[in-house]
Amino acid sequence: MAPSGIAASPEKKLGFEFEPSPWGDFFIEYEPKPLQRSEEWMMTRADKLKEDVHMMFNTSNSTEGVFLLDTLQHLGIDHLFEEQIHNTLSKILENKLTSSASLHEEALRFRLLREHGYWVSPDVFNKFKGEDGTFKKDITSQPSGLLSLYNAAHLLIHGEPALEEAISFARHHLELVSSSLKSPLAQQVKRALHRALPRSCKRVETLHYISEYGEEEGHNPVLLELAKLDFNLLQHVHLKELKAITEWWKNIYDHIGLSYIRDRVVESYTWAYVIYYERCFELPRIIIAKMMLLITILDDTYDTHGTIEECRKLYEAVQRWDESAVSLLPEYLKKFYIKLLRTFKNIEGEMPVDINYDIGHLKKAVQNNVTGYLQEAEWSHKNYKPRFIDQVNLTSLTIGAPTICVSMMAGMSDTIMKQALKWTADVPDVVVAAGKIVRLMNDIAAFERGKCNNDVASSVDCYINEYSVTSDVAIARIGALMEDEWRTLNQARFGNRVLLPAMQRIISLALSASFIYDNRNDAYTASKHLQKTIEGLFIKPMQMSIPSVSK
């Protein structure tokens, strides 16, 4: 229900209404059912299981370490063993696999090392090729190996034709055998053919894998139990945050009285969550979610509601960033502007004393975002279709990537916080690449569903207009451009190792787009597409084989 008392504004754009939130006050009022055991018992049990995993690390050789690390990552509990994983990666790097190692083993090692920023040459796959340089026929009977090769090869950088060949080869043969595979390998191949593991959203993949891991031959019950315990304990933490931020948003939404904006607090928190799900990262999680909500208000004002004069005045007020600038604005935007400024003051005031985060960089990122929104509004006002390259260069920034990436840096350690924040605020290539992936996925989804009539021409529209091609051709070519950006992100892992933690989080923004815009749906705007996943992440705990006890 829209709040009352909305001020009128003349010469509005054509009317457009977004779908209402399917969640409303659900997470304010939601009381989860009691878990099978108390939280205290679960934490004690998890600590005991972590000790067991420490022993696994201590007794594993290099090959066993590869499989252990892969399983921990896939189950989403690698964050519990950072020191052990660092040591294991060093061991894996130093000790090459034997010549008799399987394709599955070699591809896993390749993927894990590259994911963690260690360079490995694609020449390691040459032993699986014949004298003519093509892959041997005998590996086509190894579906697990083909799947590992397919996933590993998606960590290719620019100029690696051998890995392009590996992707084509593995995909072809996986498609041939996919219908004959048994569970859970069949589901894992199906997901990978839809989106390779290094391009998928890690937390959503974990949701699938925890339910499948118990079916795998030789699975480790200790790892499965720990994964379920950790998921349920984290779910409890995230539900508290969801309640708090929904209450915060409800207060703002009702106060500012802007009925035309997307009401997407649960979706914003979910997006932040899949980037930063670990327990200790409440601060960046909440800052990211709040920034998403604030720039959504700005975006919807520029795209669907404000006149060009109002857009110019809002730009001027945001650049001044002072409560006195409220006099520039139409009546209906004044409450929002004050809330925008005060939200930043509150974030700064509530910042823990041991977190050296300069919020000035975040304010500047939002100001730059609004500069881009105004340029889009000017194009739309003049009914101007920019060149494709100009459109992409601008809108890959206005999608909010620089703002969100600067928000992410609140989760960096104190040793690199200042350096990472300044580096990210300068919008390096990795931020641009992530922004382009998010933007192009967004534009394809918007084109498929039929975008709002007031939006500036999308990248798909501009490509069709400039090159006189069909929409299918335009989307295919834009897909090829996205592939280039993925390779840029892969390359970034091998740059400044000090900044690797920051790069990994920025890459996770691009990975999150594969979740939000999956199947060419914009699940942020049309949030019904997220409903089942949100239920799995926040409402349904993992069922565990633990007998109930009386209290």
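Biologist: Over the ring of which residue does the charged end of Lys129 sit?

Modeller: This is a predicted model, with local features needing pLDDT of at least 70, side-chain atom pairs counting only at pLDDT 80 or more, and totals for chains, interfaces and linings using all residues. Residues are numbered from 1 along each chain as its sequence is written, and side-chain values use heavy atoms, without hydrogens and water. A charge sits over a ring if NZ of Lys or CZ of Arg is within 6 Å of the ring centre and within 35 degrees of the ring normal. Lys129 lies 5.1 Å from the centre of its ring, that of Phe135.

Biologist: How far from the ring centre of Trp41 does Arg37 lie?

Modeller: Arg37 lies over the face of Trp41. The distance from the ring centre is 4.3 Å.

Biologist: How many aromatic pairs are there?

Modeller: Rings of Phe, Tyr and Trp (its six-membered ring) pair if their centres lie within 6.5 Å; planes under 30 degrees apart are stacked, over 60 edge-to-face, the rest tilted. By this rule the count is 23.

Biologist: Why is the pair of Trp321 and Phe344 edge-to-face?

Modeller: The ring centres are 4.9 Å apart. The pair is edge-to-face because the planes stand at 85°.

Biologist: Is Trp379 buried or exposed?

Modeller: Buried means under 20% relative accessible area, exposed over 50%, partly exposed in between (1.4 Å probe, protein chains only). Trp379 has a relative accessible area of 11%, so Trp379 is buried.
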